[in-house]
Amino acid sequence: MPANSRHQVRRTKERAQYEAAAVHAVLDAGFLAHVGFSVDGQPFVIPMLYAREGNDLLLHGSIASRLMRNLAEGVPACISVSHVDGLVLARSHFHHSVNYRSVVCFGTAVTVDDPVQKAQALARFVDAILPGRAAESRESDRNELAATLLLRFRIEDASAKVRSGGPRDDPADRGLPLWAGVVPQEVRFGAAIPAEDCDLPPPPSVQRLLGGAQP
Ligand SMILES: Cc1cc2nc3c(=O)[nH]c(=O)nc-3n(C[C@H](O)[C@H](O)[C@H](O)COP(=O)(O)OP(=O)(O)OC[C@H]3O[C@@H](n4cnc5c(N)ncnc54)[C@H](O)[C@@H]3O)c2cc1C
């Protein structure tokens, strides 16, 4: 990587990873991104869903969205995804932290206009939220596709950063009579609540998500 690259992690460099596999692993563990870009000198950071396809991130939104149209014009953008894995509780305030996996990607977006590719991409979004769900629900029709702006964000540069393990207390603090350690954090889903007008049992995708048994 050239010196002073935009994606070079500067602090705690040992936590940085740049290989595509490491970046993709963090991206594939989520579906919520924060998309940052600047329009007329004003920065915007917008939360959006994404689905990874190869080294691209698919983004979608309404054709009425001004911000989506700006992105579609190819303004330089920066997309960040992060997962918190635990609370790191140190003996000193200074060393409190969190365990995490995060990615920062740089690139630009292009519009996808082909209706077949758009429909496939929208199915990928559904599966990115819940694997297997696209096949259990109706495909987008012509009007829905026409109302959707689909962007393919090409990742040009990316970095991943991962913190794991316990607190890094100062040696002088280790003898203090204070608790220190990690409280792991994980995403957990609750029991499925059917729509008021739905009397069917939860489909396989939901059952897999919840680990089998459903009342
Ligand atoms: C959930 C979470 C909470 C955090 N809270 C804090 C906090 O409160 N205070 C704090 O100082 N830091 C926090 N960090 C770490 C923060 O994201 C930066 O890594 C840190 O500020 C050091 O940046 P830097 O000076 O090394 O790099 P910078 O000079 O800021 O960035 C240079 C390049 O390094 C890469 N990079 C930097 N950080 C990350 C990252 N996290 N993931 C992937 N690539 C990255 C990017 O490509 C970036 O363009 C947190 C991280 C996460 C995931």
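Author: A salt bridge is a side-chain nitrogen of Lys or Arg within 4 Å of a carboxyl oxygen of Asp or Glu. This is a predicted model, in which local features need pLDDT of at least 70 and side-chain atom pairs count only at pLDDT 80 or more, while totals for chains, interfaces and linings use all residues. Residues are numbered from 1 along each chain as its sequence is written, and side-chain values use heavy atoms, with hydrogens and water left out.

Reader: How many salt bridges does that rule give here?

Author: The count comes to 11. In one of them the side chains of Arg91 and Asp169 meet, at 2.9 Å from N to O. This pair links distant parts of the chain, 78 residues apart: Arg91 stands in the loop between E6 and E7, and Asp169 in the loop between E8 and E9. Helices (H or I, at least four residues) and strands (E, at least two) are DSSP runs, numbered from the N terminus.

Reader: Is Asp169 buried or exposed?

Author: The terms rest on relative accessible area: buried is under 20%, exposed is over 50%, and partly exposed lies in between (1.4 Å probe, protein chains only). Asp169 has a relative accessible area of 4%, so it is buried.

Reader: Which residue forms a salt bridge with Glu144?

Author: The partner is Arg138, with the closest N and O atoms 2.8 Å apart. Glu144 is partly exposed at 30%, whereas Arg138 counts as exposed because its relative accessibility is 61%. Elsewhere, salt bridges that share partners join Glu53, Asp56, Arg124, Arg152 and Arg154 into one network. Arg133 also forms a salt bridge, with Glu136, at 3.2 Å between the closest N and O atoms.

Reader: How many helices and strands does the chain have?

Author: There are 5 helices and 9 strands. Their order from the N terminus is β-α-β-β-β-β-α-β-β-α-α-β-β-α. The C-alpha atoms fill a box of roughly 65 × 55 × 30 Å along the principal axes. Of the 215 residues, 33% count as buried. A contact means heavy atoms within 4.5 Å; among contacts between residues at least 6 apart in sequence, 70% join residues at least 24 apart.

Reader: Which residues have the most contacts inside the largest nonpolar core?

Author: A nonpolar core is a set of buried Ala, Val, Leu, Ile, Met, Phe, Trp, Tyr and Cys residues joined through side-chain atoms within 4.5 Å. The largest has 28 residues, and Leu27, Phe37, Leu57, Leu59, Leu71, Cys105 and Phe153 have the most contacts inside it. At least two residues come from each of H1, E2 (32–39), E3 (42–49), E5, helix H2 (66–72), E6, E7 and E8. E8 gives the most, with 6 residues. Apart from this core lies another, of 8 residues, among them Ala51, Leu122, Leu145 and Leu150.

Reader: What is Cys105 in contact with, leaving aside neighbours within four places in sequence?

Author: Its contacts are Leu27, Leu57, Ala77, Cys78, Ile79, Phe153, Ile155, Asp157 and Ala158.

Reader: How many aromatic pairs are there?

Author: Rings of Phe, Tyr and Trp (its six-membered ring) pair if their centres lie within 6.5 Å; planes under 30 degrees apart count as stacked, over 60 as edge-to-face and the rest as tilted. The count is 1 aromatic pair. The rings of Phe37 and Phe44 have centres 6.0 Å apart and planes at 25°, so they are stacked. Phe37 counts as buried, at 6% relative accessibility.

Reader: Where is Val182, and what does it touch beyond four places in sequence?

Author: Val182 belongs to strand E9 (residues 181–184). It touches Leu87, Val88, Asn99, Gly165, Gly166 and Pro167. With a relative accessible area of 31%, Val182 is partly exposed. Val183 is also in E9 and is partly exposed, at 37%.
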